[in-house]
Amino acid sequence: MRTVTHTAPGEPEDVLTLREDSSPPRPGTGQVLVRLLVRPVHPGDLALVRHAPTPPEQGPEFRVPGVEGMGIVESVGPEVRPDLRPGRRVAVFPAPGTWSDFVVVPADLAVPVPDGVADETAALMLVNPLTLLTLYRALEDALRGHKGPVLQTAAGSSVGRLLGAAAVRHGLRLINLERSTAGAERTRRRYPTQPVVSTSEDDWREQVRRHCGGEGVRVVLDSVGGAMTQDLAALLADGGTLISYGQLGSGTTPLEALPLVGRELTVRGVSVLRWTDRTPKERAQDVAFALDLARTTPDLLEVAARYDLADFKAAVEHARRPSKSGTVLLTSPPAADSGRGAA
Ligand SMILES: NC(=O)c1ccc[n+]([C@@H]2O[C@H](COP(=O)([O-])OP(=O)(O)OC[C@H]3O[C@@H](n4cnc5c(N)ncnc54)[C@H](OP(=O)(O)O)[C@@H]3O)[C@@H](O)[C@H]2O)c1
C-alpha cells in the first residue's frame, strides 16, 4: 500500500514523500475500506500541505493529503448498510487522506457510483459541484433577489466553469475575470453570452465598470484574493458583498484597506469543508445534484492529465501550470483480480 505523506507544512515538492506499508488499515464500526483508483489534485489540497499543522494532535505522526476520490469498496466494518458491499464503486468526500491506495471513511460519506458515470468523472463529482452549491447559496443570500451584476475571478478554473454554466442556466448577470488574454479568449468561446475581462489589460477595472452599465458589482465571487482584494472591493456597489473562497493570488490586503464601514460592504468566507454541517436530508439532495451533473454534463468535470500516485511530484507541478484546463488526477492500478481498468 502506497501513501503520500508529509510530517511538516511546506511547499509540496519539498515536504511530500511516498511511504510503503505492508497492509491497509481495517474499517471500524460504520466504516468502509475503499481501494482508491482515482483522486484529484485540488488547489485546496496543495494549500493544506503548505499550511495544515502536522502532525495532527492525535493519530499517526504524518498527514496524508487529499479529501476526495473514487474507488472500490474493499471491506466493510460492522453496522454498514448492505448496498456498500465489497466490490461496489464509490466516490468519497470528505475523506481526509485520499492520496493513498486505501482510505477508511464513514459509510455515510461513501456515495455509490451509478453505471454510466466513468471512474474519472466520479473522482471529481463531489468537491467542485458541492462547492458550486455552497457558493450559489451564499450568492443568493447576498443578492437578495437581484440577478447581478456578479463578478467572478479565475473564471477558467474548474469551479469558475461550473459557476459560468450555472449563470447561463439561471439567467445571472456574470462578468468573468481571467488573468491572461489567452484565458479570456478561452472563456469567451465557452460562454459567448457573458462578458470576459483580462486583468492583464491596464484598463480592466474600467472594462468591468462598463459591463456593469453604471451600477457597481453587487457580489464578487473570488478565489484569487491577496493583493487583488482591494481592487475587487473598489468595484463593489455600496452594500455589496465579497465572497472569498480561495487564495490563488499572492500578496495581502489588510482589512483596514477596505472601505467596509463607509460603504457598508460585507466580506464572507465559504468552504466546502463545512458541508457536513448540513442535515442528512440536505446532504442527500446535494449529492443527488452532483450525481445528476456527473451523468448529464461530465464535460464540466474536465481532466487535465493523469499520473500514477507514485508520480505525485510531476502531478503537483502540472496542477500548478499556467493555462491548464481541468483537474490533474492521481491514479492507482486496480486490484490484480478485478478485471477492470481505472477509467
Ligand atoms: N472554498 C472552497 O470550499 C473551495 C472548494 C473548491 C475550490 N476552491 C478554490 O477555488 C479555486 C479554483 O479551484 P479549481 O479546482 O477550480 O482550480 P483549477 O481548475 O486548478 O484552476 C485554477 C485556475 O486559477 C487560475 N489562477 C491560478 N493562479 C492565479 C492567480 N494568481 N491569479 C488569477 N488566476 C489564477 C488559473 O488560470 P490560468 O488559466 O491563467 O493559469 C486557472 O484557471 C481555488 O482557489 C481553490 O482553492 C475553494
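Here are some friendly notes on the structure above, point by point.

1. **Before you start.** This is a predicted model, in which local features need pLDDT of at least 70 and side-chain atom pairs count only at pLDDT 80 or more, while totals for chains, interfaces and linings use all residues. Residues are numbered from 1 along each chain as its sequence is written, and side-chain values use heavy atoms, with hydrogens and water left out.

2. Let's begin with helix α6, residues 181-190, where G183, A184 and T187 are buried. (Buried means under 20% relative accessible area, exposed over 50%, and partly exposed in between, with a 1.4 Å probe and protein chains only. Helices, H or I with at least four residues, and strands, E with at least two, are DSSP runs numbered from the N terminus.) Why do these residues share a side of α6? They cover an arc of only 100° around the axis, which puts them on the same side of the helix; the arc is that of the directions from the helix axis to the C-beta atoms. A182 and R189, on the other side of α6, are exposed. The cover over the buried residues of α6 includes β9 (174-178) and β10 (196-198).

3. **An aromatic pair.** How many aromatic pairs does the structure hold? There is one. F93 and W275 form this pair, which is tilted, with 6.1 Å centre to centre and 35° between the planes. (Rings of Phe, Tyr and Trp, the last by its six-membered ring, pair if their centres lie within 6.5 Å; planes under 30 degrees apart count as stacked, over 60 as edge-to-face and the rest as tilted.) F93 lies in the loop between β5 and β6, and W275 in the loop between β13 (266-269) and α9 (280-296), so the pair ties together parts that are 182 residues apart in sequence.

4. **More about F93 and W275.** F93 is buried, with a relative accessible area of 3%, and W275 is buried too, at 5% relative accessibility. R283 lies over the face of W275, at 5.6 Å from the ring centre.

5. **Backbone details to look up.** P94 lies in the loop between β5 (89-92) and β6 (102-106). The peptide bond from G148 to P149 is also cis, with omega near 0°, and P149 is in the loop between α4 (127-143) and β8 (150-152). Phi of E79 is near 65°, a positive value in a residue other than glycine. Is E79 buried or exposed? At 72% relative accessibility, E79 counts as exposed.

6. **Strand β15.** T331 belongs to strand β15, residues 327-331, and is buried, with a relative accessible area of 18%. Leaving aside neighbours within four places in sequence, T331 is in contact (heavy atoms within 4.5 Å) with residues including R2, L37, Y307 and D308.

7. **Around the ligand.** Of the 25 residues around the ligand, S158, R179, V272, S323 and K324 come nearest; a residue is near a molecule or strand if one of its heavy atoms lies within 4 Å of it. A polar side-chain atom of R179 lies 2.7 Å from an oxygen atom of the ligand. A polar backbone atom of S323 is 2.7 Å from an oxygen atom of the ligand, and a polar backbone atom of V270 is 2.9 Å from a nitrogen atom of the ligand.

Terms used
A charge sits over a ring if NZ of Lys or CZ of Arg is within 6 Å of the ring centre and within 35 degrees of the ring normal. A polar contact is a pair of N or O atoms within 3.5 Å; within protein, one must be able to donate a hydrogen and the other to accept it, and residues adjacent in sequence count only if both atoms are side-chain atoms.
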